[in-house]
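Colleague: Could we go through this structure together, taking the helix packing and then the aromatic rings?

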2 protein chains.
Amino acid sequence: MARDTRKAMVLTAVELLRERGADGITLDTLVNRSGAPRGSIYHHFPGGRTQILDEAVQLGGDTIASLIADSADGDPIALLDSIAAFWRKTLTDSGFTAGCPVVSAAISSAPDSPLVRHAQQIFATWRGQLIERLTADGLNATTAGRLATMCIAAIQGAIIMCRTEASVQPLDDVAGELQVLLSARSLFCQTDAPADRRGTT
Amino acid sequence: MARDTRKAMVLTAVELLRERGADGITLDTLVNRSGAPRGSIYHHFPGGRTQILDEAVQLGGDTIASLIADSADGDPIALLDSIAAFWRKTLTDSGFTAGCPVVSAAISSAPDSPLVRHAQQIFATWRGQLIERLTADGLNATTAGRLATMCIAAIQGAIIMCRTEASVQPLDDVAGELQVLLSARSLFCQTDAPADRRGTT
DNA sequence: GTCTATACGAAGATAGAC
DNA sequence: GTCTATCTTCGTATAGAC
């Protein structure tokens with residue numbers, strides 16, 4: 001039962017992070033929602049609130065990382081589809097209360113806080129995974145790097161808009177446009193081809 | 001001096017929102033940073049902290065809205081450039097502490113809070129402005145709508161990544177990819193052309 | 001218009017009993 | 001492992017003097 005309590009608390013922390021940002025995680029709310037006994041807090045998490053926050057961010061990051069790793073059928077467009085599907089489900093299942101816990105932590109913490117550095121690591125992990133997938137599909141390194149950033153940024157931005165306006169439309173729009181972009185890029189930016197001409201911007 | 005104090009307080013509120021989210025705005029910090037006298041709080045803002053939050057979000061939204069309205073040279077790519085330039089400057093000038101106040105407010109507030117609804121309105125305004133610009137450039141309505149969402153989402157996502165990793169690289173990458181996408185779209189999705197084939201996703 | 005003082009509540013953390 | 005105080009700090013808001 002010990003493990004279960006611990007896990008329930010971290011899962012609840014992720015929920016709160018999704019809904020209200022880092023400051024939404026108060027120990028009171030955490031205990032009430034998770035049903036965990038109050039006395040368990042500092043037993044399971046000697047580092048107190050800080051440790052819980054950190055583990056919640058890590059779990060949030062791992063969820064997406066696993067998602068990317070698991071759908072290893074090679075095709076980047078199929079991968080995008082499963083990521084979009086995951087978020088569509090998360091958003092609707094929660095009644096559009098749940099955003100991305102990693103982004104929440106990044107935004108609602110001081111710029112130099114450990115939590116922001118943690119979020120940075122997670123973004124880098126996701127990006128690395130995507131780059132690997134895109135280059136495996138034949139894209140040159142430069143384009144793959146830019147597209148990986150683009151995918152993460154666009155989807156995260158769309159999630160924010162979806163939660164804000166309680167609709168999956170932004171995600172649908174963004175997923176569609178990313179698909180167009182990926183298709184175009186995969187036609188013209190193969191490994192052997194020269195990198196795209198890029199403007200100053 | 002009254003107006004100045006008031007304005008300074010709202011500007012400081014925007015700063016705090018950018019740096020730490022809604023919960024970063026405490027009246028103590030606000031007064032200390034802005035240099036405003038403590039007694040001015042409820043004099044200038046009878047609605048208290050809530051009112052200050054609201055005005056800060058509004059000001060943040062207006063800043064971008066004016067930016068879009070002011071650079072009315074017609075060309076969507078030029079418009080994107082000025083938006084990207086604005087954020088590049090904001091990020092670097094602040095030492096990568098400042099994100100978008102509207103996004104901050106949206107994320108660090110309860111999903112059903114007035115602040116989130118306010119953020120939604122602002123997103124809608126931006127989107128409307130962009131759509132107008134894209135259709136004026138000849139794009140059909142469907143594509144313009146999707147692209148407008150895409151631009152806002154991708155740039156907002158990029159800003160988050162930039163602030164998190166203290167680099168403008170994500171913004172540069174995203175701006176470049178958006179340019180590619182806009183160019184491709186403007187070639188194939190003019191008003192008279194049929195809407196793009198879109199998949200289930 | 002602005003100041004100080006204070007009421008009131010919420011939150012994190014610790015101590016010691018069970 | 002868990003519970004119940006309790007300490008301390010912090011934050012909003014109000015009251016009343018200047």
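**Helix packing and aromatic pairs**

Modeller: In this predicted model, the axes of helix α9 (residues 169-188) of chain A and helix α8 (residues 141-165) of chain B come within 9 Å and cross at roughly 95 degrees.

Colleague: How are α9(A) and α8(B) oriented to each other?

Modeller: Their axes cross at roughly 95 degrees, and angles from 65 to 115 degrees are classed together. The two helices, α9(A) and α8(B), are therefore roughly perpendicular.

Colleague: Which residues of α8(B) does α9(A) meet, and how many residues of each class does the contact have?

Modeller: From α9(A), the residues A:Pro170, A:Asp173, A:Val174, A:Gly176, A:Glu177 and A:Leu178 take part, and they meet B:Gly145, B:Arg146, B:Leu147, B:Thr149, B:Met150 and B:Ala153 in α8(B). Sorted by class, the contact of α9(A) with α8(B) has 6 nonpolar, 3 polar and 3 charged residues.

Colleague: Against which helices do the buried residues of α7(A) pack?

Modeller: The buried residues of α7(A) include A:Leu115, A:Ala119, A:Ile122, A:Phe123, A:Trp126 and A:Leu130, and among them are also A:His118, A:Gln129 and A:Arg133. Within chain A, the buried residues of α7(A) pack against α4 (48-70), α5 (76-93), α6 (101-107), α8 (141-165) and α9, and from chain B they pack against α8.

Colleague: What kind of aromatic pair do A:Phe123 and A:Trp126 form?

Modeller: A search of the whole structure finds 4 aromatic pairs over all chains. The ring centres of A:Phe123 and A:Trp126 lie 5.7 Å apart with their planes at 65 degrees, and since planes over 60 degrees apart fall in that class, the pair is edge-to-face.

Colleague: Are B:Phe123 and B:Trp126 buried or exposed?

Modeller: In chain B, B:Phe123 and B:Trp126 form an edge-to-face pair, with 5.7 Å centre to centre and 65 degrees between the planes, and both lie in helix α7 (residues 114-136) of chain B, 3 residues apart. Buried means under 20% relative accessible area; B:Phe123, at 2% relative accessibility, therefore counts as buried, and B:Trp126, with a relative accessible area of 3%, is buried.

Conventions. Residues are numbered from 1 along each chain as its sequence is written. Chains are lettered from A and ligands numbered from 1 in the order in which they are written. This is a predicted model: local features need pLDDT of at least 70, side-chain atom pairs count only at pLDDT 80 or more; totals for chains, interfaces and linings use all residues. Side-chain values use heavy atoms; hydrogens and water are left out. Axes are lines fitted to C-alpha atoms, for helices over the stretch in contact, and angles run from 0 to 180 degrees between N-to-C directions. Helices (H or I, at least four residues) and strands (E, at least two) are DSSP runs, numbered from the N terminus. Angles under 35 degrees count as roughly parallel, over 145 as roughly antiparallel, 65 to 115 as roughly perpendicular and the rest as oblique. Contact means heavy atoms within 4.5 Å. Ala, Val, Leu, Ile, Met, Phe, Trp, Tyr, Cys and Pro count as nonpolar, Asp, Glu, Lys and Arg as charged, and the others, Gly among them, as polar. Rings of Phe, Tyr and Trp (its six-membered ring) pair if their centres lie within 6.5 Å; planes under 30 degrees apart count as stacked, over 60 as edge-to-face and the rest as tilted. Buried means under 20% relative accessible area, exposed over 50%, partly exposed in between (1.4 Å probe, protein chains only).
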